[in-house]
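Here is a short briefing on one protein model. Keep the sequence and the 3D view open while you read.

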Amino acid sequence: MDETADGPWRCSDDLRLCVTAEVGDLGAAAAASRLGAAFGAAGLPLAEARAVPAGGLRSFLHRSAATGVDALVLDPRTAIDPATVMALRRAADVDPMIVATLPRFAAQPSACPPAVPQLDYGLRPDRRCVYVKASALAALGDGVFTAEGDDLAGPLLALARVGFRVAVAGGAEVIHPDGAVPASPVAMPADWRPALKRRATSAPAVAEALLEGLAAGPDGRLRIAFDLSHAGPSHSGTTLLARALIDRAAARWHDLSLHVIASAPAFAFHFGGLGGAVTRVDPSERATFAALVRFGQPFLWGEIDAAVRRAPALVLFMLDTIGLDCAHDAPDELDALWRFCLAEADGLLFNSAFTARQYVRRFGPPARPSWTSLHSLDLADYRLGAPTEGRADGTVLMIGNAMPHKRLRETAAALVAAGLERGVVALGLAPGAVPGVEGIASGGLAPERVAALYAAARVVVYPSVYEGFGFPILDALAHRRPILVRDLPPYDELSAGLAQRANIHRYSDDADLIRRLADPPAWIEADSAAPARNWDDAADDLRAALDAAVRGVDRARLVRRIDLLRGRMAFMRARAFDDDVDADELDRLAGLSGRLVHGALLWLGRHVPGTRAALAFLHRGLDRLRAAGRRG
């Protein structure tokens, strides 16, 4: 902090040290003597070091103001060094309206210091460690020491009423057993509670709480969360990706503490075999982490809101833009949601260069670093049992689901209408949905059942018209079955990394598919045995994105992200509850009267003295009535 405050209220040349003592505490005097000697040896201008019993702190501060000597108030259990004291003194002189500076509190030294500002403003003093400027204490004369409140809060809050501030010096950290939050915070008068609430719920306060997640846990490791709160106990491309990468992370990232946010059934279904390598966190828990990784693009604003509130570093794995491009079925404001993701995430991964281009085409380039990270192309990662030779009389196995872009039902109907002789099995189609086709619901099949479907097939068809990657291609090749697919851009990327690419056959339309199925292609052995990209490579991409996101945490960007999200959430609530497009006249009149009352209360509170206090009193009374009703 190179800037020096202008104005009359500056730090004094000398310093008085006060160690607070509870009744019967014999260690406070010893702590004061020890610290006084250490500060003096370090060249601090220490005028006095003493212990002050309970109730005597106000008198000590009064004497500091009268003599013009700044005061450093410490709890006996606070571990502080001279450099930290100097940082507090420098911070106090940055702004003339600072009356007191606090350090950051931690239970143990920060292995990864949080990305906090050099100076931040608060309201509540903290008797565990506070540096008080004597010049500011003296600004209002002796009247400041008659203010209501305890012996520390009273004088400082009296000064706060005329504009003096308590500030936190980001470059100063002290160690205290209570850590970041004091076990017994300084009591605040009732009329300060609204200001404290505003401060506690403000974006800077939320950001500060999140930044505490950058501190290592008791085992010395950063806590990382994988968000699968949107997943259920069933298979999908998203859960396949998550399970594979979390499995690799658990096996290799021993320097991190790994957690999965998921329901109990989903966690047991997907990660039951990982033992204690990862810990489940229920979506309802308010745990915070150093970073959060979400697999799959969010579709609801509430999902990204929950993610942002869990960690200062946010990494998103975006899989495709299909949900937006199929506009008739897209959730409300999905384009704004994904625009927010590309602008505000600390790290982004895309599952193909094609997917990355689609997002950039729609929203422009990401604001933060991004990675194109193909999934594993090692067929051994997709093989369910030993592959069998294809059967000349085998079925046509179609893969997909009920989503319109998969074209599963329509293609199955076209094959039946064409009189295809061999049987057609559609994995992902409801039984009986298309007469003449064996439909099999997907998502919960045992691996043995899926392996049997591939063993009974001669050829596989994947009729989707839009994909970001294409897992079924790898599943088919892993089971030594040729696959017919539409000619889609991401398949070029997959083919380039596959030795078995000759077994991927592209068709243009249904008529072309039917012609090809009249004489299905046979399996072609690959010539090359070069190693393919695997899940370890994909996990390395994720770790690179994760490390960069944690290193790049920026408090100002985090505050902005929280503020922007709050505005968007308020807009979405208004869309949900205040939209009057379909309202009748009575609804409109009720809504108008509510807005008029709201506006009138705001005007009265801002322009008529005493109205704000009266409304606050009424509000507290209503709160007590509601609380009594709940207890009753």
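Helices and strands are DSSP runs, numbered from the N terminus; a helix needs at least four residues and a strand at least two. The model is predicted. Its protein chain has 22 helices and 20 strands. Of the 632 residues, 48% count as buried. Among contacts with a separation of 6 or more, 73% join residues 24 or more positions apart.

**Ser-352 and its loop**

- Ser-352 sits in the loop between β13 (347–350) and α13 (353–363).
- Buried means under 20% relative accessible area. Ser-352 has 0% relative accessibility, so Ser-352 counts as buried.
- The Ser-352 side chain reaches the backbone nitrogen of Thr-355 at 3.0 Å.
- Beyond its neighbours within four places in sequence, Ser-352 contacts Thr-372, Leu-374, Gly-468, Pro-490 and Glu-493.

**The seven-stranded sheet**

- Seven strands make an open sheet with parallel pairing, in the order β10-β9-β8-β11-β12-β13-β14.
- β10 (279–281) and β14 (370–372) are the edge strands, and each pairs on one side only.
- From one strand to the next, the twist averages 20 degrees.
- Strand β8 (residues 222–227) runs parallel to strand β11 (residues 291–295), and four bridges join them. Ile-224 has Ala-291 as its bridge partner in β11.
- Helix α19 packs on this sheet and touches β8, β9 (256–261), β11, β12 (313–318), β13 and β14. The direction of α19 makes about 150 degrees with that of β12.

**Where α8 meets α19**

- The axes of helix α8 (residues 237–252) and helix α19 (residues 535–551) come within 9 Å and cross at roughly 80 degrees.
- Angles of 65 to 115 degrees count as roughly perpendicular, so α8 is roughly perpendicular to α19.
- On the α8 side, the contact is made by Leu-240, Leu-241, Ala-244, Leu-245, Arg-248 and Arg-252.
- On the α19 side, Trp-535, Asp-536, Ala-538, Ala-539, Asp-540 and Leu-542 take part.

**The six-stranded sheet**

- Six strands make another open sheet, in the order β17-β16-β15-β18-β19-β20, with parallel pairing.
- β17 (438–440) and β20 (504–507) each have a single partner strand, so one side of each is left without a neighbour in the sheet.
- The twist averages 25 degrees from one strand to the next.
- Four bridges link the parallel strands β15 (residues 395–399) and β16 (residues 424–427). Met-398 is partnered by Ala-426 in β16.
- Helix α15 (residues 447–455) lies across β15, β16, β17 and β18 (457–462), at about 105 degrees to β18.
- Helix α16 (residues 471–478) also packs on the sheet, touching β15, β18, β19 (483–486) and β20. Its direction makes about 165 degrees with that of β19.

**Helix α18: one face in, one face out**

- Asp-512, Leu-513 and Leu-517 are the buried residues of helix α18 (residues 510–518).
- Seen down the α18 axis, these buried residues fall within an arc of 135 degrees, so they line one face of the helix.
- Arg-515 and Ala-518 are exposed on the other side of α18.
- The buried residues of α18 pack against β15, α14 (408–417), β18, β19 and β20.
- Asp-509 caps the N-terminal end of α18, with a side-chain oxygen 3.3 Å from the backbone nitrogen of Ala-511.

Conventions: Residues are numbered from 1 along each chain as its sequence is written. This is a predicted model: local features need pLDDT of at least 70, side-chain atom pairs count only at pLDDT 80 or more; totals for chains, interfaces and linings use all residues. Side-chain values use heavy atoms; hydrogens and water are left out. Two strands pair if DSSP finds at least two bridges between them. Axes are lines fitted to C-alpha atoms, for helices over the stretch in contact, and angles run from 0 to 180 degrees between N-to-C directions. Contact means heavy atoms within 4.5 Å. Buried means under 20% relative accessible area, exposed over 50%, partly exposed in between (1.4 Å probe, protein chains only). The arc is that of the directions from the helix axis to the C-beta atoms. A polar contact is a pair of N or O atoms within 3.5 Å; within protein, one must be able to donate a hydrogen and the other to accept it, and residues adjacent in sequence count only if both atoms are side-chain atoms. Angles under 35 degrees count as roughly parallel, over 145 as roughly antiparallel, 65 to 115 as roughly perpendicular and the rest as oblique.
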